[in-house]
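Trainee: I have a model open and would like to learn how to read it. Can we take it feature by feature?

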Amino acid sequence: MSTTQSERLRHLLEPLVASQGLDLEEIAVDSVGRKRVLRVVVDSDAGADLDAIADVSRALSAKLDESDAMGEGEYTLEVGTPGAERDLTEHRHYVRAVDRLVRFQLTAGGELTARVLGVDDDGLDLEVPGVKGRRATARRLAFDDIAKARVQVEFNRKDKQGERDEQDKDDMKEEEEEA
């Protein structure tokens, strides 16, 4: 997609996406054979559920139909969210990744995988998991030290409520054993 078309589409669609309470993360036009596909990626601090995606998709479709931004040919509009394993490129992405495991490629070389605990204007507060039974350690990472960052998918991590439920079960077992 040419920069001019990308800029025109962003200028046209971003206010509409924002009016729906979402952020426009990415726009891409791909050619698939003779057909074109316009992919629009949206997100928000609270995430975007299927109803929000459907609403913004209808609004974008109507706006594109009344404009000539996509030209005369046919195209397919696809609207979605960034997905589970997303690159973190904006400050808001890091804020949305709080409590998530992230793999960082560092500007000085090397990699670091850690959980994001907090974000401010200068960088991140992280929890680096312990290795081989060692405790996790705290670390501060400045944005300038990050070459690339990507959220990691965790299949076996309990959510906070699950952890509380497990702790409650353990407490109950201890009380039963004491009785």
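Mentor: Start with a loop residue. D144 sits in the loop between β7 (137-142) and β8 (146-151). Strands here are DSSP runs of E with at least two residues, helices are runs of H or I with at least four residues, and both are numbered from the N terminus.

Trainee: Does D144 count as buried or exposed?

Mentor: First the cut-offs: buried is under 20% relative accessible area, exposed is over 50%, and partly exposed is in between, with a 1.4 Å probe and protein chains only. D144 has 68% relative accessibility, so it counts as exposed.

Trainee: How far is D144 from T107, in sequence and in space?

Mentor: They are 37 residues apart in sequence, and their C-alpha atoms are 7.7 Å apart.

Trainee: What should I know about the source of these values?

Mentor: This is a predicted model, so local features need pLDDT of at least 70 and side-chain atom pairs count only at pLDDT 80 or more, while totals for chains, interfaces and linings use all residues. Residues are numbered from 1 along each chain as its sequence is written, and side-chain values use heavy atoms, with hydrogens and water left out.

Trainee: Which helices and strands does the chain have, and in what pattern?

Mentor: There are four helices and eight strands. Along the sequence they run α-β-β-α-β-α-β-β-β-β-β-α. Of the 179 residues, 29% count as buried.

Trainee: How do I check a helix, say α2?

Mentor: Compare its length with the expected span, which is 1.5 Å times one less than its number of residues. Helix α2 (residues 50-66) has 17 residues, so it should span 24 Å; its end C-alpha atoms are 25 Å apart, which agrees.

Trainee: Which residues of α2 are buried?

Mentor: I53, V56, A59, L60 and L64 are buried. They cover an arc of only 135° around the axis, so they lie on the same side of α2. The arc is taken from the directions from the helix axis to the C-beta atoms. The face turned away from the buried side carries the exposed residues L50, D51, R58, D65 and E66.

Trainee: Which residue caps the N-terminal end of α2?

Mentor: D49 does: one of its side-chain oxygens lies 3.3 Å from the backbone nitrogen of D51.

Trainee: How do I read a nonpolar core?

Mentor: The general idea first. In soluble globular proteins, nonpolar side chains tend to be buried together. A nonpolar core is a set of buried Ala, Val, Leu, Ile, Met, Phe, Trp, Tyr and Cys residues joined through side-chain atoms within 4.5 Å. The largest one here has 18 residues, and L9, L38, V40, V42, L60, L64 and V79 have the most contacts inside it. The elements giving two or more residues to this core are α1 (3-19), β1, β2 (35-43), α2 and β3 (75-80). Helix α2 gives the most, with four residues. Apart from this core lies another, of 16 residues, among them A97, V116, L126 and I146.

Trainee: Where is E25, and which side chain does it meet in a polar contact?

Mentor: E25 is in strand β1 (residues 23-32). It is buried, with a relative accessible area of 16%. A polar contact is a pair of N or O atoms within 3.5 Å; within protein, one must be able to donate a hydrogen and the other to accept it, and residues adjacent in sequence count only if both atoms are side-chain atoms. The side chains of E25 and H93 make one at 2.6 Å.

Trainee: How do I read a positive phi?

Mentor: Most residues other than glycine have a negative phi. D99 is not a glycine, yet its phi is positive, about 75°. D99 is in the loop between α3 (91-96) and β4 (101-106). K132 is also not a glycine, and its phi is positive at about 50°. K132 lies in the loop between β6 (123-128) and β7. At 84% relative accessibility, K132 counts as exposed.
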